[in-house]
There are 2 protein chains.
Amino acid sequence: MPDTLSSFIDVAPDSDFPIQNLPFGVFSRPGSSRPHIGVAIGDFVFDCSVAEDLNLFTDESLRSSRPFSDTALNTFMSLGKDSWRSVRARLTDLLNADNPELRDNAEVRSRVLFKRSDARMQLPARVGDYTDFYSSIQHATNVGTMFRGKENALMENWLYLPVGYHGRSSSIVVSGTPVTRPCGQLKAEDKPPVKAPSKLLDIELEMGFFVGPGNNLGDPIDIANAADHIFGMVLVNDWSARDIQKWEYVPLGPFLGKNFATTVSPWVVMMDALEPFRTKNQEQVPEPLPYLQGADKRLYDINLSVTISTRGGGVRDTIIESNARHLYWNVCQQLAHHTVNGCNVRPGDLMASGTISGPEEKSFGSLLERTWRGTKPLQLSNGDERKFLQDGDSIEMSGYCQGDGYRVGFGVAEGTIVPAEIRDRR
Amino acid sequence: MPDTLSSFIDVAPDSDFPIQNLPFGVFSRPGSSRPHIGVAIGDFVFDCSVAEDLNLFTDESLRSSRPFSDTALNTFMSLGKDSWRSVRARLTDLLNADNPELRDNAEVRSRVLFKRSDARMQLPARVGDYTDFYSSIQHATNVGTMFRGKENALMENWLYLPVGYHGRSSSIVVSGTPVTRPCGQLKAEDKPPVKAPSKLLDIELEMGFFVGPGNNLGDPIDIANAADHIFGMVLVNDWSARDIQKWEYVPLGPFLGKNFATTVSPWVVMMDALEPFRTKNQEQVPEPLPYLQGADKRLYDINLSVTISTRGGGVRDTIIESNARHLYWNVCQQLAHHTVNGCNVRPGDLMASGTISGPEEKSFGSLLERTWRGTKPLQLSNGDERKFLQDGDSIEMSGYCQGDGYRVGFGVAEGTIVPAEIRDRR
């Protein structure tokens, strides 16, 4: 049976943003610099900041916290699941085709609804800390095979814990922000390193989640409660300069090969919108330790794709098709592990999955894997080929869950490579 | 010739906080929860937030930015060197023994000066990103020798770039905050891992600097300008659970073995106060790449020591004596390297040196090195011995520069180990 919930706002069947989704984002409206918070619905945005001023939210608890007067989603994220559900229920009601309250009130409608194309999107949250996991077994196996051979592909710890590391929060940017090709130390065999623009600029197709209320230092989040601390998800492109990374990363991990930019999609899809698309976890052998057990069906069936457009605009080819259900370690396991030592996480923290690669070549989530270290270049439809990114290349990641007659989508995470030379002239 | 600058406030010759120092900190005063900003002078604090309200700062540019109405030092850090110098000059003048302005005004004095023992110290800044370097060659050699043998002690990249990684900013705590022994996965040879409290809890003696104005994404900070972006320094204890770290850290670096707590001293000593204690850089062979050259005399002669006090209070032994001049990579090289790829740094970001170890055993900056992986336990004065930290152990790091007749000191970074069991009962 198709989902019959519908809005009085027309939404195309292949829109990412039907009433079943209602993702949250931060934007400025034309003629204003103050960031507002709202939800996407079809080609429109419902402005929650204005709605709050108009007292459209009926939940008493929101009247004091006023989460939509914040300039980012952090306050709303901090309120927790009950508040998230209450707001989501109210928005679903207000936008419902059967409810005349907003539908038939042209004056209020003109204040809270505006065209999405007029919204200048910003980062959804002030990200205190950004953690990047490494949770796809196919990705870890691919990379391990390339660098250590098939027999030693997975490190011994990989099957026992969700390996992760701290990334840089200052350089997280919203979709549409140009990415300058980074300079750094490049090392050719048997020569000293030189400083030069990266020649092996790559993408990593990831999903990330934003942390909700979080925990106090010293108090781990039990895996049974982990889902209550997850606000929602976005697409993440963890841009990677493979040559810089390769030379610098021992023994303390990736640093300048990653921290020049991380792109996220602007609309945060709430976990309740993803609920119908939960799917069974991957079988885990050996059995994880008890603190990593008990989060059933915490993978999500999210179709992911990556397109490349080259300078001049002649090409727009889909180069990767993957799915978030290919992950080995799920979001609840990641959060339980991250806090098992008492580490505190805070509202707005971002945790990314690591590159999501499936079993087929086309589903490998990075150029490193898709071209097998550049040995099998991708053939583009205009006859060009790509091992790694060239200046002017634009990468667009997108994702959606397919419901019956509707999609719950993520919009896009886009970034275009700007030559390093531009920076040197400054 | 002794420095004859003196304050009308009595300052003992071995005080960390004479008028030559004037370090900045954030605190709350008795009966108030609002954080104030001030400087330490002898056993007193001069309250800059109150002084700002009283218009005691004469610099016009400060009248609009009002840096001391912020609840942390971030605004002041963002203003840059001219403002820092202007404030420092004004404070030196106000507190000078020869200046009657404050000295002879009991009413104003009673509002801006109060006993340091009454200040409840807080973190000096909201730390956006925390980076930890690995800049002591003796430390890297010691650790490398233990884990890979003498021949392969230093990784090939170590002499070419200041190796660093991203740490966790949420778990940075101010001196005096108890540190809960972390739980995590421990792996004995030939057995599967178990979850248990860390048995190899360690310290790392480090110094850290706070970033000033910072740069925009894509615009590297040239090493010639790096010093203008460094606000001041603190002591850092990068607590480390060696057993958790050893199992988890390949291939992406330390994570839960570090992010349960990082302790900093509360008073930030400005670079201008450290100016008389600049000392020559270490000789660097091979010669660094040009972007890492040109920061002359950017090491600092700071005497560092670590004491341990055991539960019950019977022992207070100095177990480490080192010096910040033992670092191989200096602060300007660290900052130039960090931004060479365009990575942006922001006011309040913290960058730590990595463990500072000198050539002598007593100067090794961690228990791992001091006890050579536990093979040579430290003998304490009460007959106890220590390989790693036990519950109830209190670690106090301190540091000072010795001037002629005065010290520029850092106060202390203290933390006491709380048993993991306490957490489990919550």
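Helices (H or I, at least four residues) and strands (E, at least two) are DSSP runs, numbered from the N terminus.

This is a predicted model, so local features need pLDDT of at least 70 and side-chain atom pairs count only at pLDDT 80 or more, while totals for chains, interfaces and linings use all residues. Residues are numbered from 1 along each chain as its sequence is written, chains are lettered from A and ligands numbered from 1 in the order written, and side-chain values use heavy atoms, with hydrogens and water left out.

Now for the interface. Contact here means heavy atoms within 4.5 Å, and 59 residues of chain B are in contact with 59 residues of chain A. The buried area, meaning the accessible area (1.4 Å probe) that two parts lose on being put together, summed over both, is about 5600 Å², with carbon and sulfur atoms giving 60% of it. On the chain B side, B:Arg168, B:Leu252 and B:Phe255 lose the most area to chain A, together 14% of what that side buries.

As for charges, the rule finds six salt bridges across the interface, each a side-chain nitrogen of Lys or Arg within 4 Å of a carboxyl oxygen of Asp or Glu. A:Lys187 pairs up with B:Glu156 this way, their closest N and O atoms being 3.4 Å apart.

One residue to look at is B:Gln185, which sits in strand β10 of chain B. B:Gln185 counts as buried because its relative accessibility is 3%. Its side chain makes a polar contact of 3.0 Å with the side chain of A:Tyr291; such a contact is a pair of N or O atoms within 3.5 Å, where within protein one must be able to donate a hydrogen and the other to accept it, and residues adjacent in sequence count only if both atoms are side-chain atoms. A polar atom of the B:Gln185 side chain also lies 2.9 Å from the backbone oxygen of A:Tyr160.

Notes
Buried < 20%, exposed > 50% of the residue type's maximum accessible area, 1.4 Å probe, protein only.
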